[in-house]
Every structure is written in C-alpha cells, then in structure tokens.
4 protein chains.
Amino acid sequence: QVPGLTKRFSQGILERLESGEVVIGDGSFLITLEKRGYVKAGRWTPEAVVEHPNAVRQLHMEFLRAGSNVMQTFTFSASEDNMESKWEDINAAACDLAREVAGKGDALVAGGICQTSVYQHHKDEARIKKIFRLQLEVFARKNVDFVIAEYFEHAEEAVWAVEVLKEAGKPVAATMCIGPEGDMHDVTPGECAVKLVMAGASIVGVNCRFGPRISLKTMKLMKEGLQAAGLKAHLMVQSLGFHTPDCGKGGFVDLPEYPFGLEPRVATRWDIQKYAREAYDLGVRYIGGCCGFEPYHIRAIAEELAPERGFLPPASEKHGNWGCGLDMHTKPWIRARARREHWENLLPASGRPFCPSLSKPDA
Amino acid sequence: QVPGLTKRFSQGILERLESGEVVIGDGSFLITLEKRGYVKAGRWTPEAVVEHPNAVRQLHMEFLRAGSNVMQTFTFSASEDNMESKWEDINAAACDLAREVAGKGDALVAGGICQTSVYQHHKDEARIKKIFRLQLEVFARKNVDFVIAEYFEHAEEAVWAVEVLKEAGKPVAATMCIGPEGDMHDVTPGECAVKLVMAGASIVGVNCRFGPRISLKTMKLMKEGLQAAGLKAHLMVQSLGFHTPDCGKGGFVDLPEYPFGLEPRVATRWDIQKYAREAYDLGVRYIGGCCGFEPYHIRAIAEELAPERGFLPPASEKHGNWGCGLDMHTKPWIRARARREHWENLLPASGRPFCPSLSKPDA
Amino acid sequence: QVPGLTKRFSQGILERLESGEVVIGDGSFLITLEKRGYVKAGRWTPEAVVEHPNAVRQLHMEFLRAGSNVMQTFTFSASEDNMESKWEDINAAACDLAREVAGKGDALVAGGICQTSVYQHHKDEARIKKIFRLQLEVFARKNVDFVIAEYFEHAEEAVWAVEVLKEAGKPVAATMCIGPEGDMHDVTPGECAVKLVMAGASIVGVNCRFGPRISLKTMKLMKEGLQAAGLKAHLMVQSLGFHTPDCGKGGFVDLPEYPFGLEPRVATRWDIQKYAREAYDLGVRYIGGCCGFEPYHIRAIAEELAPERGFLPPASEKHGNWGCGLDMHTKPWIRARARREHWENLLPASGRPFCPSLSKPDA
Amino acid sequence: QVPGLTKRFSQGILERLESGEVVIGDGSFLITLEKRGYVKAGRWTPEAVVEHPNAVRQLHMEFLRAGSNVMQTFTFSASEDNMESKWEDINAAACDLAREVAGKGDALVAGGICQTSVYQHHKDEARIKKIFRLQLEVFARKNVDFVIAEYFEHAEEAVWAVEVLKEAGKPVAATMCIGPEGDMHDVTPGECAVKLVMAGASIVGVNCRFGPRISLKTMKLMKEGLQAAGLKAHLMVQSLGFHTPDCGKGGFVDLPEYPFGLEPRVATRWDIQKYAREAYDLGVRYIGGCCGFEPYHIRAIAEELAPERGFLPPASEKHGNWGCGLDMHTKPWIRARARREHWENLLPASGRPFCPSLSKPDA
C-alpha cells in the first residue's frame, strides 16, 4: 500500500462522481512505453504486459503515486487480426497487473475497448459487437470495476460499444477521439454526447487526438449538447499531453511530427495545471490524460485540484508546489524561480529557431 | 540476462575503447525520475534507491535495453551537508542495484563523483579531497568497474577529483560541465582536457549543462587542445537531451525554463542520431547523455552506430529504423512517414505560436 | 502620360468589370505616408494634400505605375468634429490631385466615404446621412468617376452610406472592414453583401482590418450569401498588407503591434501574388489593398494577373518576374534565387528569435 | 526651405563632428526605390535620377524632413561595365538633386564610391584607382561637401579608395560592409579601422550587410582597434534596417530571403531608437542607415537623440513621441498603447506561425 493513501473499497466510480468527488484518470501507456523501449510504434500493442511485466507495473505505480484513481488495463485494442490465441492471455494478465497496483492505493480498475478496424470498411453491427463482446468477457471474468469505450471516431460505433458494455452490468464510460468539428460523419460533439448517454453511458467525454485546449473546447460543446437535450451525465476528459493548435479534424496523427517528432509540443506541468482548472470549472470531474501524458502531468492535475480534494498525491512528497523546491538554490536567479508568477507566466522557448511554431497537417 | 546480448566479462572500459569499440553511456536519472515522481527538484538527491528501488532498477533496465554499456551508480553527490549517516548506505545500495542490472547485459558499473559545494567558497584542497575520498571508499568496497569525475565547473577541482580517484587503481574518466567558453575561471576546454589527462584521467570530455550541438563544439576544442599538447586520451560526451542554442557560459540552469519548462527543448530521436554520428566522426567513442536523455535517446545512439558496432540493442525489437514501423498504417499519409527523408528533414513545430524560439538567460 | 499605358477614356468602372476586366485598386495611403513623415498616427488625417502635395502626388504616381486602375482621393473621413471649414478645401484639392495623376495613365478617380464616429453613440440616420451628403457634394462637384463607401463595421450604417452615394448617379462600390465573423452586430458577411446590393451597390466586398488570407475567407462568405439570395454584384477586395492570422473580430487594430510594431507582419510580394491569384479564382475582379499595401504589392497583383490581362504595369520595367533580375549576380547562390521555386516556397524568417509568431489581441 | 530648420551654411562635416554634434545620415535608396518601382533589383542602378527625378527628389526630401544631415548622391557605383557615356550625366544630375534638397534644410551633400567588381579578379591598384578617380571628378566638379568610400569588403581596396578621395581635398569618410569577423581576407574590424585612418579617412565605420545589433558589435571592435593603436577618428554607422542575427560573414545577401523576402526582418522604429542610443553610448556620432532604412527609421534616430541635440526633426510634427498620438483613440486598449512601456517591451509577432525565426545562410 502506498503510504498516505486511504483505500475506500466500497466506493465505485459512480458513487465517487455522484458525491462530487474529482476522479483522476491515468495517462499515456503506448507513447510512454514506446520511449521506454517496450512498445513498437505503428503496431502499438501491449505484449509488454507478459514480456516485461515489471515495466508495465512500474508505469501503473507511477500513475498511482501521481494521484490516478483509475488503473486502466493495458490491453489489446479490438481487431479481428490480432484477436488470435494470445491476446486473451495478455488481456487477462493486464487485468491482474492493474488490479495488483490499484490495490496499493485508492484506485479502481477499468477495462477499455476501442474502435475496430472493421468499421471503416464494413459497418456491420453484429460482427463488430462480437469483437467487443469477446473483449468484455475477459474484463467481466477479471471483474474490473467499470468499463470504458474509448477512442471512437464515429458515434455510431461508439454507441454499439456502449450497448455491448452495458451487458456486463458495470458502469460504462464512453469517450470519443474527436475535436470541436465532431465525428468523421459530421455528428457534432453535442449530438455524440447525447447518443452515448441515450445508449447507456453514465460518463461521457473525449480522449486522445487533441491537446488540452481543443479537448476542453469539445467538452464544452458536449456539455451544451447534453444540456440542450435535458440529459445528465458525468463528464470526462483525457486529452493528449501535446499542444495541437494546428491540427485538423483528424487530430495529431495527421501532423507531420506524429509520432516521432512531437517533443516540442509536450505540455509543461503548468500547462496541465491550467487544463485541470479549466476542466474543473467547466464541470468535468473525471480528468486524466492520453498519449504524451506522463506521471508528472497527472500529478499536476492532483496538485491543482488539491484545494478542492483536500489532499495531495503521494508523489507530491517529491514536488514543491509551483517550483518552491528551488528556494534553497545557491544561485539567486534560480531561487527567483521558486514562485508561481514565474511559472505561470513563462513562455517557454523551443530552442529551435530554425523550426516553425505550427505545422500543416498532412491528409 | 537480456536476450540477444553477449556479456563480455573480461572487457573493461579501457580495453573496449582501446580496441576501437563504441561505448554507449547511460542517460538522465535525476530529471527523468523527477518526472516519474521519485526525485525532488532543487534537492536532486537519490534516496529513491532505497525508498523505491523498483523505480530505479526499472530505469537502469531501460537504459540497458536501449544499449547502454555503462550503468552509472545513482549515488549522492558530494557535499558536507549530506555526508551524514544515511548517504553511505544509499550509495552502497546504488552500487548493488547498478551491478544487478549490469549483470543482465553487456554493461560495466561506474561510480561517479561531482563537484562539491565547498569549492565555491573555500578552495581547500585537503578538505575537498577528503569528501571525494569518502565517496570513493564505497565505490572501492563495492568494486565498481571504473570511476568518473563528472559535472565540474572548475578544472582545478576536477583535477583534484581525478587525483583522488586514481588512488583506487581503477580507470578514471573525467568530464566537465562546461561549454566552448571554458570553465568558470576561463580555462579553455583545450586546457581543461590537458590538465585532466595530465592528472591521470584516461577518458575526458563534457557532460550536462549544454545541448548536443554545443557539447560537441566543446569536445572539438578539447580534442584540439590535446592534439596541440601531444597528449592522447579517449573522448567522452554526455550532453543534455535539450536544445540550448541560447544559453550562456552557465548553461541550461540559467535559462528561465530550467527545470520545469524545458519540454519544448527536448531532442527528438533524430536529433540524437545526428549527435551520435557527429560525435563518432569527431573521434568520440564514449557517447551517452545527461539530463533529459531518455532511454529512447540512448537507443538512438545505438541505432545510428549499429553499422559500425555490428549489432542493435535489445530495445530495437520495439523500434523500426527511421520510422519504418509506420509502413502498415491504414492512412497513406502516415505510411508516407515511414522513411528516413521524412524524419531527417522534419522541422518539428512547437505547437506554441505565442512563445519565442529562444530565451535570454537569467544571471 | 506614363509610357506604355493606353488610356481608355470611355471606360467606366462598371463597363470594365462587366466586360470581365480585372480592375486593380490602389494601396495604403495613411500608413505609408505616416512612414514617409506626412501623416500623424492616431489622428490619421490627410492635410498632406495641401501641406505636402508632392508627397501625395508621388504616392499616387507610384500606385499608377504599379498598375492601379483607380486613384482614390486622399480625403477626410466623415466626422462632425473635423467637418469644419478646412476639410472641404482639402478634399477638393485631393480630388484634383487624384485626377491629375489618373490622367497620366489608365485610371479612374474614386471618391470614398467611411463610417462616422457618430454611429457608435447615436444611430441617427438623418444626422449621419447629412455627414455623408456633405462629403458627396465635393465628389460630385469634382466629378469623380465613381464612389466608394468603405471601412464600415456595421451593415446598417454602410447601407445608409450607399443610399446617399446613389443620389449622385455614379456607380457605387461598398466595402466593409469585417472578417468572417461578420459585422459588430453579428450580421454575417453573406447578409452584409445582400444588404449592400439591395441598397444599390454595384460592387461589394471588404477592405482593411484583416490580412489577405482572412479577407478572402470573408469574400467567399459574401459570394455565397449573394448566390444564396440570387443576387449578382461585382466583388472587390482590398486587404491589409499585413498577416493577421491571430486577430479577433476587431481585426488588426486590436493587436498589440498596431500601429507601430507591425513590421514583421508585412506581406512579401509573393504572398500578394498568391492573394491576387486566389482572389481571381474566387471571382473577385476588383483587387487592391489597404493599410500596409505598398506600391510593390500592387505591382505584384498586376504581375500575377498579367497573363489574364495581357499586359504588365509600367513599374515592371524595374522588376524581373519571380526574381529573375538576380540571374546575373556574381555569387552563384544568389543567382540560384532567380526562379519561382525559390520564392514560392520560401518560408521567410523573422530574424527575431525572442519574439512569438502570434499575439493575443487586446480588448 | 523646410520650416523649423536653421541652415548652418558654414558648418562642414568635420566641424560638426569635432564640436560633438550628432550627424544623422540618410537611409535606404536602392531597396526603398525598388519597392516604389524605380530601381531594378539585381542591377541596382540609379537611372531613376534622370528617368524619374521627382521620385528621387521626394525620397531625399523625406530623409531631410526625418532629420538627415547628409544627402548622399544617388550615383552609379563603380564598374568598368557601366562606366560608359551615360553614367557621368546621371551622377552629375544626382549631385544637383542632392544639393537642391540639402539646400532646403540643414544638410550637407556627400558623394560616395563603392568597391569595384574588378577587385575580385584583378587586384590591380592602378586600374581600380582610375575607376575611383573618374567618379571623384564628377563629385569635385559638383563641389560636394565631403566624400564617402563605402561598402567595401576588403580593407585593401577601401584604402585605395580613401587614397584617391583624399586627392579632392575634402573630408573623407570610409565605411566597410563587414561584420565582427572582419573583411574577406580576415582583416579584423580593428585593423580595418586602423588602415583606413592611416590612409587618411577622418571618419570610419561600417555600412550595410548587417543589422543594427551586429553593426554595433563591429563598431565596438573598430573603436577598440583604434584605441589600441592610439589613433583618433570619428565613428560612423549605417546599418541595415533589417534584423540579421543569423547571417554569416557575408551578411544579409547570403540569407535566402535576400532581397525579396526580407519583410519580416524590418526593424521597428523602437528597434532603431535602441540602435541610436547604443550607437551614441558607444561614441558613434555619425549615425544613419543603409538598405531597409526608411524615412521613419531616420526620424527614430532623430527623436531618440533629441534630448542630446536639443531639437526634433520636421517630420516629428507628424509623430507623437513613443506612440503618444494614440492617446485620444476611442478604444481604451488602443489608448493604452500611447506610452513608452508598451512599445519598448513589445515583442512583435511575425503573424507567420509556419515560418522559422532564423534562416541558414546560403553559401
């Protein structure tokens, strides 16, 4: 058990959200483990769960310490191609790993399913739902605490996912990887949110593809859509840890920097504190990250919202609020950075005068 | 043992370098573990070795898999303040951890000492050498493979460090944290290199404080200084993983972004391949990194120099050369990035149009 | 008479546009004469017409040589404050100056009126129309070739202007200083265009406040609005010579750089060739500029559209197409710039690494 | 006569400088008249003097009103190719024009000669001096007030020029188009200055090729060189009106933006006030500009140094100090720009997020 954390065993995701609690999600697995040497870009699959369980366990631990209340299983995304023998074992092992770490702190285990590669070519509801159901069976068997349908480009397929996930009798969250322009069939964010809630999702929002600023813009539209329809649901945001003011409807994958040149776009912890505050002010209570969101970004959410939550995460033992850890530095000009004004107003330089500040998306 | 690696037990650091082999160093511990939640910025101390050994072991493992041939002990830097009871146990534990991981692959263990906080105020050779000697005793007892004097701003103190380290009878490497303008007393890089070699260092170079480009500029001056003096030594570079074209003599600590806003400056893997190639072409054969150098940056060195070395590191199982892992992507414009030309010519955007590209150093 | 130009005395503005001819407007007077020392920023009044007629005549001549087919009178904007004795003489002198220069080439004289300062506080149609009528009387007396209502933020006031201008029996053009978001009362560009045409304008479009790219975006919306309403009118665009991707609804005056720090935003001649081509392709046939549009920018319009028009402007005697004047340079790398590819693909650097690429508008 | 200016007929250039007066040079003719449509880039010749005398006269007038104390003749540069019949008439006409305008205010007439194209291939002193002498004869006949040898890349050729110019018995100024790295034969700025003074120049400095910041760096080296040699001379700087932090030894002509994409590099008036102040503080008393220096840049010099000089130039009637002309604007956020703090601290955005901030020089 991580010291300083009280496990509230009886509290499920909905009880937490309904009581007004802030739930902090986790961050980036694929992109982060790629940089650590355990995931192959392009394929983006989670065999590391069985090949290098320590590496995956360690990343879960880092997010837990940073304040995450959710350990999402590091499982295979649905596809008929990779739905062969081995994926089931890996996904089961991923559930065990997530549960093991969740048990050391105040976190729930969530199983997640994503859009299929089938949908693009065959909008075959039965075939796609079968893929979802296969994955759900493992989550049900391993008794995850709740389930997430995430990374959907089309509202229609996301609705199918929610319908399948509902079958397990667990709370269902659903997030789409869309921006303010809506899904690939031009369903607006507001309409997407309405469809997902109507299909049975208790929590709706966005994940991946767009940076903090744009993700919150989309959340605002989802919230307004739900309000206009007289619907209620919990809101959830898991943005990229990258700034993407220049991406189009397809999001960051269309930028020429994706996935091996995104470094200059990585958000600072201060950017993420701003994101957390704005998400909170918008009424979003499930706040986490996606690709590019490192453990210290999650800690930034927990620190920004510590006044509301009443506590700091374990990893804040190793972090001074607003840079205050610098206050004993021997150089006075570095000591002078030990204050909120410095970091809040910093316009960090790229160190790359020969590079532009925006790119034109491919595609 | 990491599969695919042959351990050459008999080969010490000097045998390797003398045979013309490329030795790949490791990367960032303090900055990287700060982001993972285990090190506190400002204090920058390594208690994680005993508090969270899995986190430290995991990072060693990542560097080993990425191709590092050196596991540097994650030990306390010298200072009279922290030279109390506990540091000795931590440093001993750090040696054990480094040795444990080194034993799983083809890596040596190196113990390192840094400049003292004493020197700034009291240039007291005896007092400072005593501090160095205390640290060296642990390394000697734990029988590290070689020792490194690193992060010295003053050639004089670095020379004292080398003189102490020589007492252990192990090969000595010495690096200074200086740029092309030389040390804080205006000793040029060439003169610094000469002094260190004269004092007994077999390997000399620079580490930290400056990015790849500037570090190599300094290395060139060191090399020329040695040549002019008719001296021979192995060359070693461990640059930052950050671009710092705008920093002054004091290096990156004087930039307003240090240490919590450096994200936009992080080097891409392609930047590091360039750095590895240029270091190699300059005759540097011990090539590694310092703050900001993540495991994938080390892998980039190993991949760039794979033709010369004849093998790839274990982590390259999870990495396609020059982005080739993207060649099966469903979107043709992403597939089009699966080639060297794309990444080699990419001018990555910051995604921050309201930020400048350079900063003025404080101080 | 400027050599090489055939004066077509009988051709009015509408005959030209109706025959499919491209009419090239003129460019910046206030901002340009401010830099030359004859206009005071803030006040932005045209006394130079009588104080320094040579300076004004010279600028007219430069635009004529660059290809302008319209000499717009450099006259007082309407306001009750400055509608005292002297303005009438100045405006009359401005008409004479414009006519004098127009007579040296193939250009028409246009008198222009702008929005009043009254409208903001008192939407008093009669009072405002009186101001317009006073100005129109001078233009009528001096027999300008056509009249322009320009720089209107509100469609309502622009309509009043058109209604007054129609009284003179001359062709009326009307442009608003709005962007794609529409006028200050949220009348869309499409609706604005419809209102102006319904009020009697034969030519409609936008001028000032926004750069080339955004101005054309607004023009597209105007065109679509007219099409949807089944209306026909000639289209006219006179954008800024500054890039303003970051400005809000209020346009460039809200940028912190306005009006004394706009230099890095000045369009290149190549940017303007692109603007001319895109305007033409959109169906705009009256193409000119506003603040920041220097004579060489007007020449760039004339050169880009020379294939369609069949001739070059007089000032092209002093300009090689696409930089070809460099083809005899002694340095081979400068000679290599004597080609379209170089200039068309150039991403010109700001030379200001400490400055951002975008600003946040004030207000 | 320009009102408000007292002509001091008896005061030559040396009397002025010796009395400690600041002499303000003029600015850009070639680049500025290119944009106005009267000079062809590449060839860069001054036929406009006879073809369009009003255009040239007008530019002289603008500089005079802006505060220039020197009207430099807009004459042909030396070359054997263009030393045919017509150049002599043009140069004579240029002298008349300069004199005519100088007579309207407090300005002297200066005739200038530049480096020859011969020198590059044939370092033939006699042949080159002959070219210089031919030009000087016109200046002598027209009785200019002093002569300038300018735009020399090689100290040797500049010395020859000074030697010829001395023959006329008029004060000689000499400027080189070099940066801190020195001339093309690696003669340092300090050595260049010494050679020019030894050859007889009373005023030495730099012009063209580099922006304000770098030009002043070179001036500092010239000053130090003269001091070290125990020589005294008046200092003169005529920098570009463009920022060029990224150019190499060859200066701005080697930048890919030269000459048709330099817009984003144009200095603001505030940049030039800083330049004037720094030049003054360095002891430079002849301060002007070269390519890219528009009339308002010259006015910025005159305004910055008005406290020292005791008067403002005529064109300041049309300019409020530090933006104060905005203090009556109806929008409060624009009024808020009517103060020194705003403009002095402004970091003007390029409006070009897809462009870099620096370029790599060709060559």
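Modeller: B:Arg209 counts as buried because its relative accessibility is 4% (buried means under 20% relative accessible area, exposed over 50%, partly exposed in between; 1.4 Å probe, protein chains only). A caution before going on. This is a predicted model: local features need pLDDT of at least 70, side-chain atom pairs count only at pLDDT 80 or more, and totals for chains, interfaces and linings use all residues. Residues are numbered from 1 along each chain as its sequence is written, chains are lettered from A and ligands numbered from 1 in the order written, and side-chain values use heavy atoms, leaving out hydrogens and water.

B:Arg209 sits in the loop between β6 (203-207) and α9 (212-228) of chain B (helices, H or I, at least four residues, and strands, E, at least two, are DSSP runs numbered from the N terminus). Its side chain makes a polar contact of 2.9 Å with that of B:Glu153. A second, at 3.0 Å, goes to the side chain of B:Tyr151. (A polar contact is an N or O pair within 3.5 Å; within protein, one atom must be able to donate a hydrogen and the other to accept it, and residues adjacent in sequence count only if both are side-chain atoms.) Leaving aside residues up to four places away in sequence, B:Arg209 also touches others, including B:Gln115, B:Cys177, B:Leu240, B:Cys247 and B:Phe252 (contact means heavy atoms within 4.5 Å).

Next, a helix of chain B. α7 covers residues 155-166 of chain B. It is largely enclosed by the rest of the structure, because nine of its 12 residues are buried. Among them are B:Trp160, B:Val164, B:Leu165 and B:Glu157. The cover over the buried residues of α7(B) includes strands β3 (108-113), β4 (146-152) and β5 (172-176) of chain B. Helices α6 (125-141) and α8 (189-199) of chain B are also part of the cover.

B:Lys274 and B:Glu278 form a salt bridge, with the closest N and O atoms 3.5 Å apart (a salt bridge is a side-chain nitrogen of Lys or Arg within 4 Å of a carboxyl oxygen of Asp or Glu). The two are four residues apart in helix α10 (residues 269-282) of chain B, so about one helical turn separates them. B:Lys274 is partly exposed at 46%. B:Glu278 is partly exposed at 35%.

C:Arg340 and C:Glu344 meet in a salt bridge of 2.9 Å, N to O. Both lie in helix α14 (residues 340-345) of chain C, four residues apart, about one turn. C:Arg340 is partly exposed at 38%, as is C:Glu344 at 44%.

In chain D, D:Asp96 and D:Lys142 meet in a salt bridge of 3.0 Å, N to O. D:Asp96 is in helix α5 (residues 85-102) of chain D and D:Lys142 in the loop between α6 (125-141) and β4 (146-152) of chain D, so the pair ties together parts 46 residues apart in sequence. D:Asp96 is partly exposed at 39%, and D:Lys142 at 28%.

Salt bridges also join chains. Chain D and chain C share 14 of them. In one, D:Glu51 pairs with C:Lys318, the closest N and O atoms lying 3.1 Å apart. Over all chains, the structure holds 104 salt bridges.

Terms used:
The expected span of a helix is 1.5 Å times one less than its number of residues.
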